[in-house]
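Please consult the sequence and the 3D view together while reading.

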Amino acid sequence: MELKIAIQKSGRLHEGSMQLLKECGINISNGNNQLRVKASGFPLEVFFLRDDDIPEYVQDAVADIGFAGQNVVAEKNKSVLIAEPLGFGKCRLSIAVPKNGNILSVQQLNNKRIATSYPYILSEYLQKQNINASIHEISGSAEIAPKIGLADAICDLVSSGSTLFSNELEELETILQSEAVLISTKRLSEEKQELLAKLLFRIRAVKKATNNKYVLLNAPNDRLPVICNLLPGMRSPTVLPLAEPGWSSVHSVISESDFWNIIEQLKNAGAQGILIVPIEKMIV
Ligand code: ATP
Ligand code: ZN
């Protein structure tokens, strides 16, 4: 019994998908550029597909699960379950307009033409906003559409915004925040549900580790109460005596997002020799 997973064959989600599986202890060798490969380290069979096709394959249970962008999952509107956000492939779907043009608000899109490869998400959005615009569906990059007179605005994926910038466009409104997610078919056998639970356990341990750091520092004993207060850790910080009397070593875990803030406060509280170390897996 194997779980069948669909991932992107090549493109922006390929590396992140392979990397996450690898960190979960799952190895996939696809030297021969095959469409299906059996993994080692977990009962998994991997299908390499175009990202656009993944929701449908999962809906139809050709693949049991898949990794795809929320943008694609929302656009394809297939009947699948979203089991877990994966923390990579982050981007947003935005409406953008020519810089210094005459469209300054979303309402001014009325009776305008918008080029996009996300007609479903865009039409849902426009309907909600009560805007009557015409949608020009295109398959490739939308950013040249205003320049060649094909459209007045575009609706496309943005990450840094540099593509918009170099095409003299600016974001008017973000309509969807996206990252890669694990989707699953609604028709999973009980056995496969158990396999999926095991895989999710590994994925969560990896994600948790990525979002946290291990911190080690030295402190004079009289500063320990203040420092331990700043470092709640998983349960509470570990405090070990140093060879030098009156000093201790403190070990704990802090979240990536808090870390610069806390480091500053730790230094001010008298911590010295602070080390921040990556964590490989974390199970709480
Ligand atoms: P395919 O050949 O599989 O159809 P594609 O050209 O449609 O590939 P990519 O450009 O590889 O797609 O993007 C795949 C997904 O990566 C997007 O659907 C989105 O979820 C995510 N993505 C898109 N742009 C970015 C970006 N700039 N940064 C990070 N992730 C992105
Ligand atoms: Zn695609």
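The model is predicted. Its chain is divided into three parts: domain 1 (3-88 + 179-209), domain 2 (91-178) and domain 3 (213-278). Ligand 1 lies between domain 1 and domain 2, because both of these domains give residues to the shell around ligand 1.

**Domain arrangement**

- Domain 1 is assigned in two segments, 3-88 and 179-209, whereas domain 2 is assigned as 91-178.
- The C-alpha centres of domain 1 and domain 2 are 30 Å apart.
- Contact between these two domains involves 7 residues of domain 1 and 9 residues of domain 2.

- The largest pocket is the one in which ligand 1 sits.
- There are 16 residues around ligand 1, and those that come nearest are Gln8, Arg12, Asp52, Asn71 and Ser159.
- Sorted by class, the shell around ligand 1 comprises 7 polar, 5 charged and 4 nonpolar residues.

**Polar contacts and burial**

- A polar backbone atom of Arg12 lies 2.8 Å from an oxygen atom of ligand 1; Arg12 is also among the residues that come nearest to the ligand.
- In the case of Arg50, a polar side-chain atom is 2.9 Å from an oxygen atom of ligand 1.
- The side chain of Asp51 has an N or O atom 2.9 Å from an oxygen atom of ligand 1.
- Taken alone, ligand 1 exposes 640 Å², of which the protein buries 75%.

Technical notes: Residues numbered from 1 in each chain as written. Chains lettered and ligands numbered in written order. Predicted model: local features only at pLDDT ≥ 70, side-chain atom pairs only at ≥ 80, totals over all residues. Heavy atoms only, no water. Near = heavy atom within 4 Å. Polar contact = N/O pair within 3.5 Å; in protein donor to acceptor, adjacent residues only side chain to side chain. Areas by Shrake-Rupley, 256 points an atom, 1.4 Å probe, with all protein chains shown as cover. 1 Å grid on protein atoms, 1.4 Å probe; cavity = no way out; pocket = protein on both sides within 12 Å on 5 of 7 lines; lining within 4 Å. Sits in = over half its atoms within 2 Å of the grid points. Nonpolar A, V, L, I, M, F, W, Y, C, P; charged D, E, K, R; others polar. Domains from an automatic or database assignment. Contact = heavy atoms within 4.5 Å.
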